[in-house]
Structure formats: structure tokens, C-alpha cells
Amino acid sequence: MEGLKVLVIDDSPFIFKAVKKALEPRGMNVIDSASNGKVGLELIEKYQPEVITLDVTMPIMNGIETARHIFKENPDANVIMMSAMGDDALIEEAKEIGVKHFIPKPFKADLLYNTIEKALAGGNNE
Amino acid sequence: MSENIVEIYGEYFRRAVEEISTELLDIKLNDLSGKEDRISIHGKKLDVIIGMTGDYKGRLLLESTEESARTITEIMNFGTLERESDLYLYMGEFANILSGRAITFINNSNQKKIIRLTPPAIFSGVDLEITTPNIEFINLCFGKDDLHIRLNIGFGGV
């Protein structure tokens, strides 16, 4: 997974740093972050990342809406949804729109790395 | 809302603080509720308010000294903050993660999404006092060494 491009869509600067700290020592390239889904979609177009980490609650365009747009353009996109809320109803809603990978915040570096590995292998983390 | 529900839901927040402080900060904050004389939150304070909406309405107030907030945020940031405004952003995120965990417990125990969170509002000031009338609330206090936080969780009447 050396050089794999990861884009972070999250309104918290802390999450961008945490993702960088978790993945860059393992050779991944955490290229940029967007603080809402609208900017995130623009950055996806710009960078064509292999993996996208996506927050749920964000201003302007939330994660659920953003995921809808992402999957409309690319049904095979590797989206890892992250949220402080990890309740069953939210996970169900995310699954309905095609999200296969969900990580509750805060996350451990190993969990994020393993989830990306699974996503790239075409599996899911249920 | 019965006092019992406030107590029960307060217990989920207590569990969330214990889990999140360990997972995120690598610090096990001790429950000092009822031992308020052992915690010190005076002088310049930083308060985060997160609203709860849905079947039950309420709010979480997380309070800390500026020093405690700085300790928490510097651990989250893996070092000194680059901008002073990050102190507010990171404490908002800390409160959001903590509330998110508690609400996850509550929603899962009810087997449906009965509570959602609103974005945090963050305030700071010297000897700041925030009062919300007409709610039933529970106070929780946590600390370790010089790091102290206080949670006031209230439901109903908002």
C-alpha cells in the first residue's frame, strides 16, 4: 500500500492529523483534507484518491449526502466512514447508500490501516 | 422525564468519559463525582455545549480550566497547538467524541436513534457561569493529577 493516496473529509483538523499519524509511517500518502463534503467532492476530482475517510456530521454537506455523490460517480469507491456516533441506526443508514466500512471515533491506527486493507481487498468490516 | 432516566443516561456518559479518556488521551480519568472538593475549575474556563435533540431533548455542558483544556488538546494534537483557536476546535471535537459515544450507548440500548447531537458551541471566560433553567440534570466530575473536567448533562424543558 506504499504511496496509496488517502483523502480526509472531516471538519475536525484533529482527525486529519490523526489519520496522517496513523498512515504515513506505513507508507501511505495522506494528501489533503476538506472540512465539508462539498469541498471534499472537489478534492476527489482533483486528486483521485484511492481511499477516502469521511466524517458524518459536517457543515454545508454532511457525510451521508457526500457518500451518495461519491458512489453515484464511482460505485467502487473506497470510503471509510468515521463518526463519533457509532449507533446501529446510523451504520444501517450508511450501509443503505453503499458504505461498507465504518470506524467509530476515536480510532486506533491499526484499526484504520486494517480497514483500508480490507476495503482494497474488496471486503467489508461488518 | 423521570429522574431515573437522567441517572441512567448519566451513567452512559460516565462510561463514555472513562472509555474516551483512555482511548484518546491514554489517561484514565477518575470519577470524582460527589467529591467536588477534590477538583478545581476556577479562573479562566473553557465550556463546550452540545445540544441533544430527537425523542429526548437536552444538552451536555463540558467544563474545564484553560490548563486542563490545553493538556487535553495537546495530547490530541500530538504536541503544542499551532494556533490558539485550535484550543476551541479540539475541545469541541473532544466533547463531540465523548457525547457521540454516550449517545451511541443510549441509542443502541433503545434499539433506535432516539437522540442526535447538534454541533458544539464553545465559550471561554474568567469564572464563567452557565445556567439552564427547567431541566433535570446530573453533574459528573472527573480528574487525574491537575487535569479536571466537569460534565453537566440535562434533559427536558429546553
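A charge is taken to sit over a ring if NZ of Lys or CZ of Arg is within 6 Å of the ring centre and within 35 degrees of the ring normal. With that criterion in mind, the tour of this predicted model may begin with a contact that involves two chains.

Select A:Lys21 and B:Phe78. A:Lys21 lies over the face of B:Phe78, at 4.9 Å from the ring centre.

Next, select B:Arg15 together with B:Phe105. Here the charged end of the arginine is placed over the ring of B:Phe105, 3.8 Å from its centre. B:Phe105 also belongs to a cluster, joined through ring pairs, whose other members are B:Tyr9, B:Tyr12, B:Tyr56 and B:Phe155. Display these side chains for the remaining stops.

Over all chains, the structure contains 5 aromatic pairs. One of them joins B:Tyr9 to B:Tyr12, with 6.3 Å centre to centre and 45 degrees between the planes, a tilted arrangement. Both tyrosines are found in helix H1 of chain B (residues 3–25), 3 residues apart, or about one turn of the helix. B:Tyr9 has 4% relative accessibility and therefore counts as buried; B:Tyr12, at 18%, also counts as buried because the limit is under 20%.

Because B:Tyr9 lies in helix H1 and B:Phe155 in strand E7 (residues 147–155) of chain B, the pair ties together parts that are 146 residues apart in sequence. B:Phe155 is itself buried, at 1% relative accessibility.

Key. Residues are numbered from 1 along each chain as its sequence is written. Chains are lettered from A and ligands numbered from 1 in the order in which they are written. This is a predicted model: local features need pLDDT of at least 70, side-chain atom pairs count only at pLDDT 80 or more; totals for chains, interfaces and linings use all residues. Side-chain values use heavy atoms; hydrogens and water are left out. Rings of Phe, Tyr and Trp (its six-membered ring) pair if their centres lie within 6.5 Å; planes under 30 degrees apart count as stacked, over 60 as edge-to-face and the rest as tilted. Helices (H or I, at least four residues) and strands (E, at least two) are DSSP runs, numbered from the N terminus. Buried means under 20% relative accessible area, exposed over 50%, partly exposed in between (1.4 Å probe, protein chains only).
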